[in-house]
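Subject: Structure handover

Hello,

Here is the structure we talked about passing on. Please load it first; my notes on what was found follow below.

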Amino acid sequence: MNRTVNRYSLKRYLILFFAIAAFVVTSTNPAKAFQNKKADTVSTADVQFTDIPTAADSLKAFKKKQAELKKADSLKALKNKQAVVNAVPAEKPKTLWEIFIKGLLGGFTAILLPCIYPLLPLTVSFFTKKSGSRAKGVLQSLLYGLSIIVIYVSLGMLISVLFGSDALNALATNGIFNIFFFLLLVVFGISFLGAFEITLPSSLANKLDANSDKGGLAGIFFMASTLVVVSFSCTGPVIGTLLVDAASKGDRLGPAVGMLGFSLALALPFTIFALFPSALKSLPKSGGWLNSVKVVLGFLELAFALKFLSNVDLAYHWNWFDREIFLSIWIAIGLLMGLYLIGKIKFSHDSDLPYLSVPRTFISIGVFAFVIYMIPGLWGAPLKSISAFLPPIATQDFDLSQIPANTATATDTKQSSIKVKKYAGNYDRIKTRGLDAWFDYDQALQVSKELHKPILIDFTGFNCVNCRKMESDVWTNPQVFNHLRNDFILLQLVVDDKAALETKEQFTSEYSGKKITNLGGKWSDLEASRFNSNSQPLYVILDSDGNLMNDKDGKLITPSPAEYHVDLYLKYLESGLAAYKNKK
């Protein structure tokens, strides 16, 4: 009996041992165990086995999943960025056209200056007599004009290459260079008023004049170079003003395009009068009126210089060059110009004015009318025709203007839980009266969620002429104003604000790799990285999560640049409102 019990116990222990061994084997490699196991009476065909992961396996799987998610996010971000790249309109070519036209007007103005105008008949007569034949004289005049264009465009290209588009864009908002431009234009203005002349070294002019005696193309080119150098005392301020204006546009081709327009206008008369020499007889004779042109340009240079001083005052929050001060100086300059034109004041180098000519009379009327037009601006009149060049109306201390007529009061009585607006103190001088704007992206997102309204980002700038034009010409429309006031969370991000960020808020941009240390740089980086644009104004409609939305046709509502047609801007705003309501 004991032997039987012992055998039974031994058999039981053996079964238990093999069961444990089988469990250990199947735990380490169950698939292999069951593959090697012979078929028994119980079928395992329908049984599924799952690996039991170790800690290393779990970590490996987690990293793999994280990599897959990161890749998916990158692809999604790339698609979104590409969509925005395709959606954001490119810079409109009319900006370069504007620079070209300004250059053209500057060139035609330069022709009327005393350094160039008397040279017209002399130069044309030189070519027609020296050439021996009319055909050859016309050809030489054409080459002379082409040489002038090459010289001035080369100057513009040189500035473009030396600075580049990034540097030119930086110049447009840099305080030091804005002060430099202001002083430069003041010096040009004083020069035109007759205090002194800006000239290049006479040795350079003599050397070029000596080389102009050479025959062929070289002689013609040096003759054109001599004209450029000799006339610099008159053309220098005009060229300088054009280059400053072109540089402030921030476009790489700006200086070259401006010089193309200027040189083309300067070269045309020499070519045209070479084709039709008899037309020279119809030109007015040189006289004191040529100097009057210089003086008028001097006044205009002084007026134009104030814009650059205003830029610095706004960007660096000096808060002393207000709108009424700006207007007062312009009114004073206009009065002096008008009195000069009618002969009531004159400078030391001016000749007597025995009577008013008809053209001078009409110009005087225009100047005095413009002065009268500006005077109501001292009490807050919008002055829409020049508002883009003036400091924002929020800088006006004494303002009798009202909120746009026929605008309804805000009907939404809900209040945000945020009681202190971040950065609000920086922007008292650009606020639009009647609009409750926000100035921090994260706060705007929170307010949008609380009040259930879409966000309208206004990427703007202190120095942005087109921004002021939109605010004065489009935002004052009653329908547009009502939408901005009642239906959107208006977020104004000023990209040229030089206010320093706190140390903890400074960061290195993942988009540009640059260290962002000021507030304007923070918003400029946001505009460039998210919406692939660096132009202002740029208007972006987002939902409460900060995403772009699709319209009723499924098309992405893309960021919009300046749109001066009120109907089109209204359509843009209303499409964003409709998309937000549909999404809710």
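Predicted model: local features only at pLDDT ≥ 70, side-chain atom pairs only at ≥ 80, totals over all residues.

I start with T460. Setting aside neighbours within four places in sequence, T460 is in contact (heavy atoms within 4.5 Å) with C467, R468, E471, L493, V494, V495 and Q536. With one of these, R468, the side chain of T460 makes a polar contact of 3.3 Å. A polar contact here is a pair of N or O atoms within 3.5 Å; within protein, one must be able to donate a hydrogen and the other to accept it, and residues adjacent in sequence count only if both atoms are side-chain atoms. T460 has a relative accessible area of 0% and is therefore buried; buried means under 20% relative accessible area, exposed over 50%, and partly exposed in between, with a 1.4 Å probe and protein chains only.

Residues are numbered from 1 along each chain as its sequence is written, and side-chain values use heavy atoms, with hydrogens and water left out.

Overall content

The protein chain has 19 helices and five strands. These are DSSP runs numbered from the N terminus: helices are H or I with at least four residues, strands are E with at least two. Of its 584 residues, 43% count as buried. Among contacts with a separation of 6 or more, 73% are between residues 24 or more positions apart.

The sheet

T460 is part of strand β1. An open, mixed sheet is formed by three strands in the order β2-β1-β5, where two strands pair if DSSP finds at least two bridges between them. β2 (489-494) and β5 (538-542) each have a single partner strand, so one side of each has no neighbour in the sheet. From one strand to the next, the twist averages 20°. β1 (residues 455-460) and β5 run antiparallel and are joined by five bridges; F459 has L538 in β5 as its bridge partner.

Helix α15

The buried residues of this helix are Y441, Q443, A444, L445, V447, S448 and L451. Their cover includes β1, β2, α18 (519-531), β5 and α19 (566-583). At the start of α15, a side-chain oxygen of D440 comes within 3.3 Å of the backbone nitrogen of D442. Just after α15, H452 has a positive phi of about 60°.

S448 belongs to α15 (residues 441-451) and counts as buried because its relative accessibility is 0%. Its side chain makes a polar contact of 2.7 Å with the side chain of S544. Beyond four places in sequence, S448 is in contact with K453, P454, I455, I489, D543, S544 and Y580.

A helix pair

The axes of α7 (residues 175-192) and α12 (residues 288-315) come within 8 Å and cross at roughly 165°. Axes are lines fitted to C-alpha atoms, for helices over the stretch in contact, and angles run from 0 to 180 degrees between N-to-C directions. The two helices are therefore roughly antiparallel to each other, a label for angles over 145 degrees.

Regards

Terms used:
Parallel < 35°, antiparallel > 145°, perpendicular 65-115°, else oblique.
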